[in-house]
Amino acid sequence: MSDLTKLTLKAALEGLKAKAFSSREITAAHIAAIEAARPLNAFVLETPDQALAMADAADARLAAGQGGPLEGAPLGIKDLFCTQGVRTTACSRILGDFKPTYESTVTSQLWRDGAVMLGKLNMDEFAMGSSNESSAFGPVTNPWRSRGSNQPLTPGGSSGGSATAVAADLCLGATATDTGGSIRQPAAFTGTVGIKPTYGRCSRWGIVAFASSLDQAGPIAKTVEDAAILLRSMSGHDAKDSTSLAVDTPDFPAYVGRSVKGLRIGVPREYRADGMPAEIDALWEQGVAWLRDAGCEIVEVSLPHTKYALPAYYIIAPAEASSNLARYDGMRYGLRAADARSLTDVYEATRAEGFGEEVKRRILIGTYVLSHGYYDAYYLKAQKVRRRIADDFDTAFQRVDALLTPTAPSAAFGLGENAADPVAMYLNDIFTVTVNLAGLPGLSLPAGLDAQGLPLGLQLIGRPLDEGTLFSLGGALEQAAGFSAKAERWW
Amino acid sequence: MAIDAATVKKVASLARIREPDDRLDALAAELSGILQWIEQLAQVDTDGVEPMTSVVAQALPWREDVVTEGGDADKVLANAPRSERGFFIVPKVVE
């Protein structure tokens, strides 16, 4: 495989600017890599013709000295982002052959900055899942395998395709979204870097909605600096998203490499979960030691409502999903059931046929908790617990600048392993959902390998709008960890 | 709280998702499992706590009441399962 696919985004951008190679060359190299990697099932739609056309346009701009911050860089786009004229499905059957007539704000900013689109990436249906096993296009296979085993592993979810594509060098970076951990957990499972920014940092306009008070777009990339470069392009106030924050976008890449001396790092005691694997605990201790060596002050903190975050999330997210997914009714776009006659029949049959089991499960839970007689006991209660969780973080941030935790309670698990029990699957998000509930930024980076040779991630959680500190700390941890392992190519 | 097949049928109807009768018991068991797990929220003292409806501490922004886009029926109808002469064709709504 071409060396061009092994480059980081940063190195590729420098090479393109210095004319060491063209965008057409590096894009073609990635197109070939994608074709060879079809067994991974990371891409649900490849767009090679469009990619080469965009690459040629980028080459013209580079030749004229007019390149933007991402000029000529080939990226993958999670299939939750509406891409004009290019099929967008949220990996569900219910959207059918939907081709948006508009471009999401986030992707339009990537194209504005000169990036190239390689295709749309696989994901759990409607972003509901932690293993990419609920996709209408079939599961994604993690490029990583346990030492001495051929067993296919999950890349995590919902952004399993994004994480896999980055880990397998099929793109220089990818867009993803995170509602309960869907950027951070797959990043941890695949040895890549992922950041969910502060709620409101990136526009949600044109991103298929799952849970509107929790969804956030963010990048998955090969390095902390690459993630910072992508996030800078993805961020920004958007008048079309009323939850988008009217704040300037800091120069995120400038924070990577800054000294972290004197920063206070909180270690939340409640994240030491029962039955947590010793290896993950050890890695967490190692992360603490690395930051201490870098000059940080380590402070034990308490987030007392941590254990209620998952159940609160599994009321709020399904409730919001039941509302957001009501629009899929077979009338204006997507699938319409063929045999149904009356209006109600069409609704019921279309949605039964078009939605997968996990999506249906969550819509039903959401509908139930919002229904008459249950709203107070469930939804209102969950929103009050949410405030408690957010207050816990506020209190902690009076004494610390960031928190360090593991990202996931295990390494990547086998496909099909959690099929029987939905709650077992939900427990994957135990370290990540608190961050979505509180609207805070959270970054995951690879910090080590477990005994099976599988990557493990550490998570940094920051104050609202303080992604900069996360990039500085992430950079310091990345340097200390020296994680350079790549998945051994078996495809 | 456990829910039964009849409740599942009612909720499915509210959600406009057809669930075959032979699925209702299995679904009731699955959903009950999830709801029972969720029940632990009752342990949290939330007296006097304001529900958190949004993580964004800002009032809904207002904009000028002017038309900024629209008028392109072809775009709106582009993905319609059935359309004709500028209309969506849908099943009869009024009986």
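**Reading the interface and the cysteines**

Modeller: Chain B and chain A bury about 5,100 Å² between them, and 68% of that area lies on carbon and sulfur atoms. Please note that this is a predicted model.

Biologist: Why is an area quoted here?

Modeller: The size of an interface is often expressed as the accessible area lost when the parts come together. In the present case, 66 residues of chain A and 52 residues of chain B take part in the contact.

Biologist: How many salt bridges are found across the interface of chain B and chain A?

Modeller: The rule finds 4 salt bridges there. One of them joins the side chains of Arg18(B) and Glu348(A), with an N to O distance of 3.9 Å. Polar contacts between chain B and chain A amount to 16 residue pairs, both residues being at pLDDT 80 or more.

Biologist: Which helix supplies the largest share of the side of chain B that touches chain A?

Modeller: Both α1 (5-14) and α2 (24-38) of chain B supply at least two residues of that side. The largest share, 8 residues, comes from α2(B). Sorted by class, the side of chain B that touches chain A comprises 31 nonpolar, 12 charged and 9 polar residues.

Biologist: How many disulfides does a search of the whole structure find?

Modeller: The search finds 0 disulfides over all chains. For Cys91(A), the closest cysteine sulfur belongs to Cys82(A) and is 13 Å away, which is too far for a bond.

Biologist: Is Cys91(A) buried or exposed?

Modeller: Cys91(A) counts as buried because its relative accessibility is 0%. Cys296(A), with a relative accessible area of 6%, is buried, since the cut-off for buried is under 20%.

Terms used
Residues numbered from 1 in each chain as written. Chains lettered and ligands numbered in written order. Predicted model: local features only at pLDDT ≥ 70, side-chain atom pairs only at ≥ 80, totals over all residues. Heavy atoms only, no water. Contact = heavy atoms within 4.5 Å. Buried area = accessible area lost by both parts, 1.4 Å probe. Polar contact = N/O pair within 3.5 Å; in protein donor to acceptor, adjacent residues only side chain to side chain. Helix = DSSP H or I, 4+ residues; strand = E, 2+ residues; numbered from the N terminus. Nonpolar A, V, L, I, M, F, W, Y, C, P; charged D, E, K, R; others polar. Disulfide = S-S within 2.5 Å. Buried < 20%, exposed > 50% of the residue type's maximum accessible area, 1.4 Å probe, protein only.
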